[in-house]
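Trainee: I have a new structure to look at today. Could you walk me through it, one step at a time?

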Amino acid sequence: MLLIHCPYCEEDREEEEFAPAGQAHIQRPLDPEALSDEQWAAYLFFRKNPRGLHHELWNHATGCRKFFNVTRNTATYQILESYKIGQQPSFTSEGVK
Ligand SMILES: [Zn+2]
């Protein structure tokens, strides 16, 4: 069982209280009308699937119900950090910032 730190509750809670919500840091295009169908499809449907560090969006579904980001190693399931929406990760695939 994973323990996940909610940055809003400031507690480590059991994985069952959380729901994953996909890749983090996906920005909506500034001018969607200017995109081709292929670019719009890439924005809507295509996500990274790395082996290693991945930034993910999670929801504390049975707790505070807020969304936050997690940096997780997909090979080991180790969670390196969790941080609030709007904040940047300390860990990147290139190393620690
Ligand atoms: Zn929470």
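**Strands, zinc and core**

Mentor: Strand 3 (residues 19–23) and strand 4 pair in the antiparallel sense over three bridges. Strands here are DSSP runs of E with at least two residues, numbered from the N terminus, and two of them pair if DSSP finds at least two bridges between them. This is a predicted model, where local features need pLDDT of at least 70, side-chain atom pairs count only at pLDDT 80 or more, and totals for chains, interfaces and linings use all residues. Residues are numbered from 1 along each chain as its sequence is written, and side-chain values use heavy atoms, with hydrogens and water left out.

Trainee: Which residue in strand 4 does P20 stand opposite?

Mentor: Start from the pairing of strand 3 with strand 4, which is antiparallel. The residue of strand 4 that faces P20 is W58.

Trainee: How many bridges join strand 4 to strand 5?

Mentor: Those two strands run antiparallel, and L57 stands opposite N69 of strand 5. Strand 4 is also mostly covered, with five of its seven residues buried (under 20% relative accessible area; exposed is over 50%, partly exposed in between, with a 1.4 Å probe and protein chains only). The number of bridges between strand 4 and strand 5 is seven.

Trainee: Which protein donors does the zinc ion have?

Mentor: Donors are N, O and S atoms within 2.8 Å of the metal (3.2 Å for Na, K and Ca), and water is not among the atoms, so sites may look incomplete. Here the protein donors lie 2.1 to 2.3 Å from the zinc ion, and their spacing along the chain is C-x2-C-x50-H-x3-C. They are C6 (SG), C9 (SG), H60 (ND1) and C64 (SG).

Trainee: What is the arrangement of the four donor atoms around the zinc ion?

Mentor: Four donors count as tetrahedral if all angles lie between 85 and 135 degrees. The four donor atoms here subtend angles of 104 to 115 degrees, so the arrangement is tetrahedral.

Trainee: How many residues apart in sequence are the parts that C9 and C64 tie together?

Mentor: C9 sits in the loop between strand 1 (3–6) and strand 2 (11–14), while C64 sits in the loop between strand 4 (53–59) and strand 5 (67–73). C9 is partly exposed at 31% relative accessible area, and C64 is partly exposed at 27%. The parts tied together by this pair are apart in sequence by 55 residues.

Trainee: Is C6 buried or exposed?

Mentor: C6 lies in strand 1. Its relative accessible area is 0%, so C6 is buried.

Trainee: Which residues make up the largest nonpolar core?

Mentor: A nonpolar core is a set of buried Ala, Val, Leu, Ile, Met, Phe, Trp, Tyr and Cys residues joined through side-chain atoms within 4.5 Å. In soluble globular proteins, nonpolar side chains tend to be buried together. The six residues of the largest core are I4, C6, F18, W58, F68 and V70.

Trainee: What separates the C-alpha atoms of C6 and F68?

Mentor: Leaving aside neighbours within four places in sequence, F68 is among the residues in contact with C6 (heavy atoms within 4.5 Å). Along the chain the two are 62 residues apart. Their C-alpha atoms are separated by 7.5 Å.

Trainee: What is the phi of R65 near?

Mentor: Most residues other than glycine have a negative phi. R65, in the loop between strand 4 and strand 5, has a positive value although it is a residue other than glycine. Its phi is near 70 degrees.

Conventions. Four donors count as tetrahedral if all angles lie between 85 and 135 degrees; four count as square planar and six as octahedral if opposite donors are over 155 degrees apart and all others between 65 and 115; anything else is irregular. Helices (H or I, at least four residues) and strands (E, at least two) are DSSP runs, numbered from the N terminus.
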